[in-house]
Amino acid sequence: MIRELIRGAGLLACAIALSGGAACWGQSKHTAKPAVVLEEKPADALARAVRHQILVLPFYSVFDTVSFAMDGDKVVLTGQVVRPSLKASAETAVKSLEGIRSVENRIEVLPVSASDDELRRAVYRAIFEDKTLQRYAIQAVPPIHIIVKNGSVTLTGSVDSASDKALATTRASLAPNAGNVANNLVVVAR
C-alpha cells in the first residue's frame, strides 16, 4: 500500500491501495468532521481490470472491437475481430483475472477478404488524415474503430462531439468503394 499525504487546502491523509481504492482520514481544515472514506466497489475494480486486459491485447487494433458485460463473476465478451487469435487471446486474458469464474466468448471473427482489407485501409486514411480527426489516431488504440464486413463499414467507439461523429461518417463515406457506412459512435465529453 502506498501512502500519500495530501497537503495544501486541508489536513487530510489518504492511503491509496493498489486496487485503486482510497481511504482517507483526518479532519478538513474548515470543519471538525472526519473525512469521507472513498472505497472502490469490487465489481468496479473487476470491470476496470477486464477493460484493461482487452485494451492491452497484442494485435488489438482500430479494426477490431471487443466489448464485455458482467454478471457478477461471469463475463460475456462480444464484438468483431479480424484475427481468430485475438478472439482466443481475449478470452484467455479475461479468464486469467482473479475474481472471474467464467467467460462466454461471443466475439465474431470477420471473414477473410482482400477487398475488405483494402476498404479498411482506405477508410482509416480517410478518417485519420482529416485535420480535425487526426487527434484520435495518436492513441495506442484509437477510440474510433473501423469494422468492415463484406464491404459494409461500421464505425464504433467514441468521439468528443457530435460534429466529430458526423465528420467521421462523412470522411468514411468518401473512401473508395465505401458503400454503406453505419455510425455507432458515441459522443462522450472528455
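Here is a quick look at the aromatic rings in this predicted model.

A bit of housekeeping: residues are numbered from 1 along each chain as its sequence is written. Local features need pLDDT of at least 70 and side-chain atom pairs count only at pLDDT 80 or more, while totals for chains, interfaces and linings use all residues, and side-chain values use heavy atoms, without hydrogens and water.

The structure holds two aromatic pairs. Rings of Phe, Tyr and Trp (its six-membered ring) pair if their centres lie within 6.5 Å; planes under 30 degrees apart are stacked, over 60 edge-to-face, and the rest tilted.

| Pair | Centre to centre | Angle between planes | Type |
|---|---|---|---|
| Phe63 and Tyr124 | 6.0 Å | 55° | tilted |
| Tyr124 and Phe128 | 4.8 Å | 55° | tilted |

Phe63 sits in the loop between helix 1 (42-55) and strand 4 (65-71), 61 residues away from Tyr124 in helix 3 (residues 114-128). Helices (H or I, at least four residues) and strands (E, at least two) are DSSP runs, numbered from the N terminus. Tyr124 and Phe128 are four residues apart in helix 3, so about one helical turn separates them.

Put together, the ring pairs link Phe63, Tyr124 and Phe128 into a cluster. Tyr124 is partly exposed, at 30% relative accessible area, while Phe128 is buried, at 6%. Buried means under 20%, exposed over 50%, and partly exposed in between (1.4 Å probe, protein chains only).
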